[in-house]
Amino acid sequence: MLAVVFLLTAAVLVLVQARMKSHVREDLASALRSESHVYAEIEKARREQVQQTAALIASQPSLKTLMSTNDRVTVEDVSEPILQTSHADFLILENSSFEMLAFHSKSDDVPRSTARRLMLTTNGEEDWWFAGGHLYDVSFAAIEAGAAPERRSLGRIALGREVSPKTITERGTFGNSTLVLVRQDTVLLSSLPASVWGEFEAALPHGPATSGSIQEINIAGERYLTSFVELPGDHPLRFYSLQSYDQATGFLRYLNQMLVTLGAVAVLVGAFIAFFVSRQITRPLERLVRGTQQLEKGDFEFQIPISGNDEVADLTRSFEEMRDSLRKSREGSLRSARLEAVGKLAGGVAHDFNNLVMIIKGYSDLLLGTADPKEKAYLEEIKNAGERASALTRQLLAFSRKQVLEPQVLDPNQTVRSMVKMLRVLIGEDVELVTSFSDRVGRVQADPGQLEQVVMNLAVNARDAMPDGGKLIIETQACYLDESYAATHSEVIPGSYVRIATTDTGCGMSKEILGHIFEPFFTTKELGKGTGLGLATVYGIVKQSRGHISVYSEPGVGTTFKVYLPSLDKSVPLPITQQTGGPPKGEGTILLVEDEPSLRVLAAESLQRLGYTVLQAGNGLEALAVAEKHSAKIDVVVTDIVMPRMGGPQFVENLRKKRDDFAVIFMSGYTEAAALENANIGSDAILLNKPFSSDVLARRISELQQKMAGSAAMSMAAGNAG
Ligand SMILES: Nc1ncnc2c1ncn2[C@@H]1O[C@H](COP(=O)(O)OP(=O)(O)OP(=O)(O)O)[C@@H](O)[C@H]1O
Ligand SMILES: [Mg+2]
């Protein structure tokens with residue numbers, strides 16, 4: 001663009017200049033022509049005047065008388081005053097025999113001999129003499145005696161007047177013109193410096209030229225326009241007037257220079273502005289590129305200043321937003337990965353610990369039945385310790401997501417509402433409990449006990465954060481986590497969720513604390529007050545329920561935990577709640593398959609006490625052999641899932657090939673989710689979460705037996721009807 005403007009301007013300049021040059025040339029030419037013409041006219045008039053003077057002098061009787069003497073001495077002496085009155089520079093009197101009788105000159109520059117020679121070569125009435133370095137305009141008049149027809153020539157009078165550039169310019173209007181008088185291509189006189197006369201002569205066009213024509217010549221590197229007129233005589237001259245074309249067009253050069261300078265300045269200023277403007281764009285882009293490069297190196301904090309509202313600023317803002325969400329997502333993934341690793345470790349420990357705890361609890365139960373009152377107190381203590389240890393392992397398993405859940409379709413409002421009474425007691429009088437349940441929340445698929453645990457842990461933490469009282473708000477709400485939210489929270493799948501939020505006005509948390517709260521055993525509470533498993537448990541349960549948890553906290557202001565659980569439609573029916581009573585008395589045969597002998601023996605003992613016949617086996621293969629030997633009915637098979645040689649599901653499958661009149665309860669305290677999913681345990685099979693008490697096992701067995709009796713009756717009725 002700039003270049004185009006520049007080219008157009010240059011083209012206009014060239015055109016204007018060409019036009020102006022041609023104008024200047026025309027002006028100069030016409031000035032020169034008129035100058036020469038004027039000079040020729042003036043010269044003519046002057047000559048006429050001199051000739052008249054010469055004629056006047058020649059007609060004087062005294063001169064005629066003097067000339068008649070034809071005596072050189074007399075004529076010379078007597079004629080001297082005539083020079084003074086004639087205003088000429090020299091005076092010559094010649095007799096009719098062409099002898100010079102008198103020669104008077106105001107200067108000594110013209111030698112008499114030269115004058116004589118020139119007189120001999122001049123016949124006309126006028127001539128141009130160049131003598132002694134001076135140019136003379138010479139007029140002649142005849143001196144005659146007597147009247148016609150007896151007129152007799154007495155000789156001639158010549159009056160010469162010096163011509164110099166000065167006298168010429170004084171006479172005419174020659175402005176800046178330079179004058180040159182030339183004879184036969186030789187400069188005789190000129191207002192040019194003598195040093196360049198030779199150049200002028202060389203530059204003169206050779207060949208015929210008409211007076212008044214304009215020629216261009218070059219003198220000392222300068223161009224001139226010139227025109228001439230012929231000055232007639234026996235020794236004619238050419239009168240040249242010159243004007244410098246370069247000087248006349250000098251203003252154009254100056255104008256040109258000025259315009260070029262202005263143009264250059266404009267281009268420079270334009271270029272600078274363009275550079276400045278482009279830098280305004282390129283600099284932020286450079287920073288943006290730096291930011292991206294830094295991002296590639298893992299630097300999420302590189303500062304990119306944003307100013308203005310142009311496209312680049314918008315782009316930078318978008319980049320910052322993208323980087324921010326990337327950072328959040330990365331932090332989230334790192335945290336998840338860390339928690340995953342800790343979870344694996346915790347899960348492994350909890351698994352081994354779990355079986356031990358069950359044994360402690362079980363045997364204390366057994367002993368409690370037979371011990372005397374004093375021992376009973378001790379046993380109660382052992383059992384309590386076992387309960388606490390059991391609760392701990394449960395939490396750890398929950399965190400590591402290796403707990404066997406019993407998910408149901410729940411109305412989260414109902415679950416939380418049923419806890420309100422208990423929560424009020426839990427948080428104490430100083431903390432105000434405010435609840436808000438949205439009617440629009442859907443159902444969730446979760447283990448009710450676990451969901452209660454989540455709410456309770458959050459409430460207890462809130463209470464601990466408000467030792468001097470405050471407010472705890474529990475809300476439920478339907479919400480949609482969209483793609484943009486999922487983009488910044490790697491583990492979130494976009495969709496409808498039920499949000500259960502707890503907000504407290506407690507002490508809040510610093511950023512450092514926030515980074516660790518979900519880790520097991522992280523606590524800021526004093527020794528003995530907190531185990532640091534509360535939020536780890538919450539985290540595990542939420543994750544296992546395919547949910548998501550987020551926290552917002554400000555030190556000194558308070559904390560909000562938001563638990564998101566995938567939402568089911570509201571129309572999904574809720575299961576009918578079952579009543580639980582005391583441990584039922586049992587009858588029938590149970591095949592108990594468990595690889596941990598002490599656990600197996602313990603369970604067998606408890607069941608036998610309730611009245612069951614118990615067959616035992618250490619793994620699936622053994623169990624098949626036991627069943628083979630036992631020809632009578634087996635009512636219920638209670639089996640561990642993961643066992644050496646043959647696991648529970650495979651054993652059940654094999655047994656079904658031989659008999660199918662039994663119900664199954666699978667037990668597991670530590671089952672990889674995948675193992676559970678892969679194991680074909682049947683949709684109606686019951687899963688029992690270790691550690692469990694003998695009571696629970698007995699209740700489950702009796703429930704199963706009732707169910708079986710019911711369905712047997714129905715099929716019988718159907719058979720009868722058929
Ligand atoms: N609502 C809250 N306000 C302020 N800090 C909290 C809140 N909830 C949790 N915290 C912080 O997170 C830490 C971990 O909580 P977490 O529930 O996992 O363990 P804990 O409460 O210390 O022990 P416990 O196992 O008995 O629950 C707490 O020690 C506390 O510093
Ligand atoms: Mg806690």
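**Cores, sheet and ligand shell**

Q: What makes a set of residues the largest nonpolar core here, and which have the most contacts inside it?
A: The largest nonpolar core has 59 residues, and those with the most contacts inside it are Ala54, Ile92, Ile157, Val180 and Phe239. The term stands for a set of buried Ala, Val, Leu, Ile, Met, Phe, Trp, Tyr and Cys residues joined through C-beta atoms within 7 Å. Helix H1 (residues 2–58) gives the most to this core, with 8 residues. A second, separate core of 40 residues includes Val455, Ile500, Phe561 and Tyr564.

The model is predicted: local features need pLDDT of at least 70 and side-chain atom pairs count only at pLDDT 80 or more, while totals for chains, interfaces and linings use all residues. Residues are numbered from 1 along each chain as its sequence is written, and chains are lettered from A and ligands numbered from 1 in the order in which they are written.

Q: Why are strands S2 and S3 said to stand at the edges?
A: The open sheet of 5 strands has the order S2-S1-S5-S4-S3 with antiparallel pairing. Because S2 (100–105) and S3 (126–131) each have a single partner strand, one side of each is left without a neighbour in the sheet. Strands are DSSP runs of E with at least two residues, helices are runs of H or I with at least four, and both are numbered from the N terminus.

Q: What makes H16 mostly covered?
A: A residue is buried if 20 or more other C-beta atoms lie within 10 Å of its own, exposed if 12 or fewer, and partly exposed in between, with C-beta atoms placed from the backbone. In H16, 11 of its 11 residues are buried, among them Gly534, Tyr539 and Lys543. Just after H16, Arg546 takes a positive phi of about 60°.

Q: Which residues are closest to ligand 1, and how many surround the ligand?
A: Ligand 1 is surrounded by 24 residues, the closest being Asn461, Ala465, Thr523, Gly530 and Gly534; a residue is near a molecule if its C-beta atom, placed from the backbone, lies within 6 Å of it. Helix H13 gives the most to this shell, with 5 residues.

Conventions:
Two strands pair if DSSP finds at least two bridges between them.
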